[in-house]
Amino acid sequence: MKRTLITPAEVISRAFSTDELLSPDALLEEDIAAAEEGRLVPVIGRPLCEALHQGLHPELIDEYIAPALAFHTRLLIQGRLNIRTSSVGTTAPRNRPSEGELHAQRASLRRQASLLMRRLTLHLNQNSERYPEYDPSRNPLNRCSTDGNLVQTF
């Protein structure tokens, strides 16, 4: 059984642009596992997640889950990437972006991750017969939507 549904290299290739130089060593499998547990499992359910870890539905991972999971993983680690910790302490880059720029970046990453998770939900809902492990009634995105500061329930 796979430890995580995607690798650190996949996170980098899907959620970072080519001019954002980042080593796969900057990302841990634990970062991906945290994004899976905190963001993916509540949406797709544990039974489908376990089926994916056992190798079922690889097309679902490649087309829908990997993009959403990559952006959720980046969102989780972005703060850590903005500063560095070493044996001499914590340092920030010389040309540190303003707080407003950091906020805009986080908001952009949140929107992208959210849109990709909604795309996954739509696919699962429209193709639920292909994924018997998925229970749409347990997916919170089928009952609630957050748009900006507005929460909508269905």
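Me: Happy to dig in! What ground rules apply to the values, and what pLDDT do local features need?

Reply: Residues are numbered from 1 along each chain as its sequence is written, and side-chain values use heavy atoms, with hydrogens and water left out. Because the model is predicted, totals for chains, interfaces and linings use all residues, side-chain atom pairs count only at pLDDT 80 or more, and local features need pLDDT of at least 70.

Me: Which pattern does the protein follow along the sequence?

Reply: Helices (H or I, at least four residues) and strands (E, at least two) are DSSP runs, numbered from the N terminus. On that basis the protein has 5 helices and 4 strands. Read along the sequence, they follow the pattern α-α-α-α-β-β-α-β-β.

Me: What percentage of the protein's residues count as buried?

Reply: Buried means under 20% relative accessible area, exposed over 50%, and partly exposed in between, with a 1.4 Å probe and protein chains only. Of the 154 residues of the protein, the buried share is 37%.

Me: What share of the contacts with a separation of 6 or more joins residues 24 or more positions apart?

Reply: A contact here means heavy atoms within 4.5 Å. Among contacts in the protein with a separation of 6 or more, residues 24 or more positions apart account for 65%.

Me: Are α4 and α5 roughly parallel or roughly antiparallel to each other?

Reply: Two packed helices are described by the angle between their axes and the distance between the axes. Axes are lines fitted to C-alpha atoms, for helices over the stretch in contact, and angles run from 0 to 180 degrees between N-to-C directions. The axes of α4 (residues 58-81) and α5 (residues 99-126) come within 9 Å and cross at roughly 155 degrees. Angles under 35 degrees count as roughly parallel, over 145 as roughly antiparallel, 65 to 115 as roughly perpendicular and the rest as oblique, and α4 and α5 are therefore roughly antiparallel.

Me: How do the residues in the contact of α4 with α5 divide by class?

Reply: Ala, Val, Leu, Ile, Met, Phe, Trp, Tyr, Cys and Pro count as nonpolar, Asp, Glu, Lys and Arg as charged, and the others, Gly among them, as polar. By those classes, the contact of α4 with α5 has 13 nonpolar, 6 polar and 5 charged residues.

Me: How far apart are the end C-alpha atoms of α5?

Reply: The expected span of a helix is 1.5 Å times one less than its number of residues. For the 28 residues of α5 that should give 40 Å, and this agrees with the distance between its end C-alpha atoms, which is 40 Å.

Me: What covers the buried residues of α5?

Reply: The buried residues of α5 include L102, A107, L109 and A113. A107 counts as buried because its relative accessible area is 16%, and its C-alpha atom is separated by 9.4 Å from that of L75, 32 residues away along the chain. The cover over the buried residues of α5 includes α2 (29-44), α3 (46-53) and α4.

Me: Which residues does H72 contact, leaving aside neighbours within four places in sequence?

Reply: H72 lies in helix α4. At 10% relative accessibility, H72 counts as buried. With those neighbours left aside, its contacts are A35, R39, A113, S114 and M117.

Me: Is S114 buried or partly exposed?

Reply: S114 lies in helix α5. Its relative accessibility is 31%, so S114 counts as partly exposed.

Me: At what angle do α2 and α3 pack?

Reply: The buried residues of α3 are L48, C49, A51, L52 and H53, and these pack against α2, α4 and α5. The axes of α2 and α3 are 7 Å apart, and the packing angle is about 115 degrees.

Me: What phi does H57 have?

Reply: Most residues other than glycine have a negative phi. H57 sits in the loop between α3 and α4 and counts as buried, at 15% relative accessibility. Although H57 is not a glycine, its phi is positive, at about 55 degrees.
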